[in-house]
Amino acid sequence: MLTATYILVSLSVEQASIRLSLLAFQKYMHVQLRHQSQLSLAQLQYAGDWLSRLYQGGYWRKVEMYLIPAIRQAAPHADGLLNELNGLNHAALESINVVQQRAGAAIDHSELQAGQLCAAIDAFCAALLQRLEKEERELFALARKVIVGEAWFAIAYQFLAHDARAQEARRGKAQVLPFVLPAPLPAPLSTPLQAAGGSAETAVDGAAFTPPVPPQPLRAQA
């Protein structure tokens, strides 16, 4: 059961990250639209694009890719719960369609449109947040009951492979800065103060003068 606990805790962390993304997007759009009487086409397209990203990202969750297939295989009678989850996905998709249709039609902008856009975003977030809650409350409990033995180890192996691929993809996309040697410092110039035996840090015009520090080389960043 330790393997099952590890998997479900890992999924809960993933759920929490998605929940934060949904709430952050919802709050951001409300702040942006709160005092607007008109909407631009760019705003509608921006909202539609982000809704699509958040929606499509759900299909790449470990819950969708690994846990639900294992539940389907272990418990064919779980179709009722899985259909409910799919219904919440469809509700979220309808909200995306509303926003994209308005952006495509480019109809007259009005204060009502701003309210409708907020309502569509709220409906989208509510549907996916409800799905996350139902997964944690019902789907995870069902998984503990119907998935047994080596099936948990198989899921754990899939999780490890998934994380390894994701880490490799992030490493491949990381920008690596070239290593640059520092430019040579110019030969020290003899100043009147130095000629008189003064120090390079002697006060000039009442302010402390410090020699320039040689630039540090850039380090490659992963």
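**Salt bridges between and within helices**

K134 counts as buried, with a relative accessibility of 11% (buried is under 20% relative accessible area, exposed over 50%, partly exposed in between, with a 1.4 Å probe and protein chains only). This is a predicted model, where local features need pLDDT of at least 70, side-chain atom pairs need pLDDT 80 or more, and totals for chains, interfaces and linings use all residues. Residues are numbered from 1 along each chain as its sequence is written, and side-chain values use heavy atoms, without hydrogens or water.

K134 forms a salt bridge with E84, at 3.1 Å from N to O (a Lys or Arg side-chain nitrogen within 4 Å of an Asp or Glu carboxyl oxygen). This pair joins distant parts of the chain: K134 sits in helix α5 (residues 111-146), E84 in helix α4 (residues 79-105), 50 residues apart. Helices are DSSP runs (H or I, at least four residues), numbered from the N terminus.

D163 and K62 form a salt bridge, with their closest N and O atoms 2.8 Å apart. K62 is buried, at 7% relative accessibility. D163 is partly exposed, at 32%. Across the whole structure, the search finds twelve salt bridges.

Terms used. Helix = DSSP H or I, 4+ residues; strand = E, 2+ residues; numbered from the N terminus.
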